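Reader: I am new to this structure and would like to learn how to read it. Please take me through the features one at a time.

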Amino acid sequence: MAWKRTSWARTSAALAAAVTLVLAAPLPVVAAPRTAPLSSSGIVVAEPDASRTPPPPRLPRDFRGKGKWIVRDLDITVPFTWEGRDGNSQMTAGGPQYPIWFTNLIYGGSLYTLTYKWPGLTEHPCSRIPGFDLETLNEGFENARFVGPETLRGTPHRQVNHWRVGVVLPNLPPGNYPRLPLALGDIYVDEDNRGTFWQVLQFGVQNLYDPELDEWLVMDTFQHRPGTVTLPERCEPPR
């Protein structure tokens, strides 16, 4: 689950939100590059043409969508909603009847995470990181790297642009230096609308509750109209 550590510095929290922005077997969606056939390993990524790089992902102010949150190593898939209204946004995975239930919000200039249920979890605080809003998130996306155009083989097939975002520490120049990939994310947005998010893989410390540190969100619908965003009662309201 993204956005759940109050002790991390703002940089890591920002990335956690961005890439929160979950794979159960069988894999529900497979990304295949459109520019080359699949290799025997099933993975081929064509070298992107810098002159044709599209604009990076940008989460809109108003939207609503439904899909699935998938944690493959736990063999858990739960319903998922992602909604935005007037620049605030909320992710909700699962519910009281599911083994996983959490909500993440950008609300009133703060980043919130409340995990109601997770296997092995006994503490359920609502964490708040002030100084984070929609523009902060989208500024993080500005540094995303374009992987290339791909096809998500779902129902229906979707033509998308694949982007990679990440935070690596320490920030050192090229060369033989020790580095830690703090958090990484793969974001798949519609090729005709960078504000339509169809799939996100997030990997790293923001997934600390998961043994394999990776989770997926896969959207079935994504509409550009205002959704519903509600701050839970146990969360501290923005100041």
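Reader: How many residues of the protein count as buried?

Author: Buried means under 20% relative accessible area, exposed means over 50%, and partly exposed is in between, with a 1.4 Å probe and protein chains only. Of the 239 residues here, 49% count as buried. This is a predicted model, in which local features need pLDDT of at least 70 and side-chain atom pairs count only at pLDDT 80 or more, while totals for chains, interfaces and linings use all residues. Residues are numbered from 1 along each chain as its sequence is written, and side-chain values use heavy atoms, with hydrogens and water left out.

Reader: What pLDDT does the protein average?

Author: pLDDT is the predictor's confidence in each residue, from 0 to 100. The protein averages 83, and 79% of the residues score at least 70. Residues 1–30 have a pLDDT below 50, and this stretch has 118 contacts in the model beyond near neighbours in sequence. Contact means heavy atoms within 4.5 Å. Residues 35–45 also have a pLDDT below 50, with 12 contacts counted beyond near neighbours in sequence. Where pLDDT is low, the predicted coordinates should not be read in detail.

Reader: Which helices and strands are there in the protein?

Author: Helices (H or I, at least four residues) and strands (E, at least two) are DSSP runs, numbered from the N terminus. The protein has two helices and 12 strands. From the N terminus on, their order is α-β-β-β-β-β-β-β-α-β-β-β-β-β.

Reader: Where does S2 pair with S3 and with S12?

Author: Two strands pair if DSSP finds at least two bridges between them. S2 (63–71) is joined to S3 (residues 76–85) by nine bridges in the antiparallel sense. In that pairing, Gly-67 has Phe-80 in S3 as its bridge partner. The two strands form a hairpin with four residues between them, and Asp-75 in the turn has a positive phi of about 55°. S2 also pairs with S12, again antiparallel, over seven bridges; there Ile-70 stands opposite Trp-216.

Reader: How many bridges join S9 to S8 and to S10?

Author: Strand S8 (residues 145–152) and strand S9 (residues 158–169) run antiparallel and are joined by seven bridges. Glu-150 stands opposite Val-160 in S9, and a hairpin of five residues joins S8 to S9. S9 and strand S10 (residues 180–190) run antiparallel too, with 10 bridges. Here Asn-161 stands opposite Val-189. As a general point, in a regular strand the side chains alternate between the two faces of the sheet.

Reader: How many aromatic pairs does the count come to?

Author: A pair of aromatic rings is described by the distance of the centres and the angle of the planes. Rings of Phe, Tyr and Trp (its six-membered ring) pair if their centres lie within 6.5 Å; planes under 30 degrees apart count as stacked, over 60 as edge-to-face and the rest as tilted. The count comes to 12 aromatic pairs. The rings of Phe-146 and Trp-163 have centres 5.1 Å apart and planes at 50°, so this pair is tilted. Phe-146 lies in S8 and Trp-163 in S9, so the pair ties together parts 17 residues apart in sequence. Both residues are buried. Phe-63, Trp-82, Phe-141, Phe-197 and Phe-222 form one aromatic cluster.

Reader: Which residues touch the most other members of the largest nonpolar core?

Author: A nonpolar core is a set of buried Ala, Val, Leu, Ile, Met, Phe, Trp, Tyr and Cys residues joined through side-chain atoms within 4.5 Å. The largest one has 40 residues, and Trp-69, Phe-80, Trp-82, Phe-197 and Leu-217 touch the most other members. Strand S12 (residues 214–223) gives the most to this core, with five residues. A second, separate core of eight residues includes Leu-105, Tyr-112, Leu-114 and Leu-231.

Reader: Is Pro-56 buried or exposed?

Author: Pro-56 has a relative accessible area of 14%, so Pro-56 is buried. Its place is in the loop between strand S1 (31–33) and S2. Leaving aside neighbours within four places in sequence, Pro-56 is in contact with Phe-141, Glu-142, Trp-163 and Arg-194.
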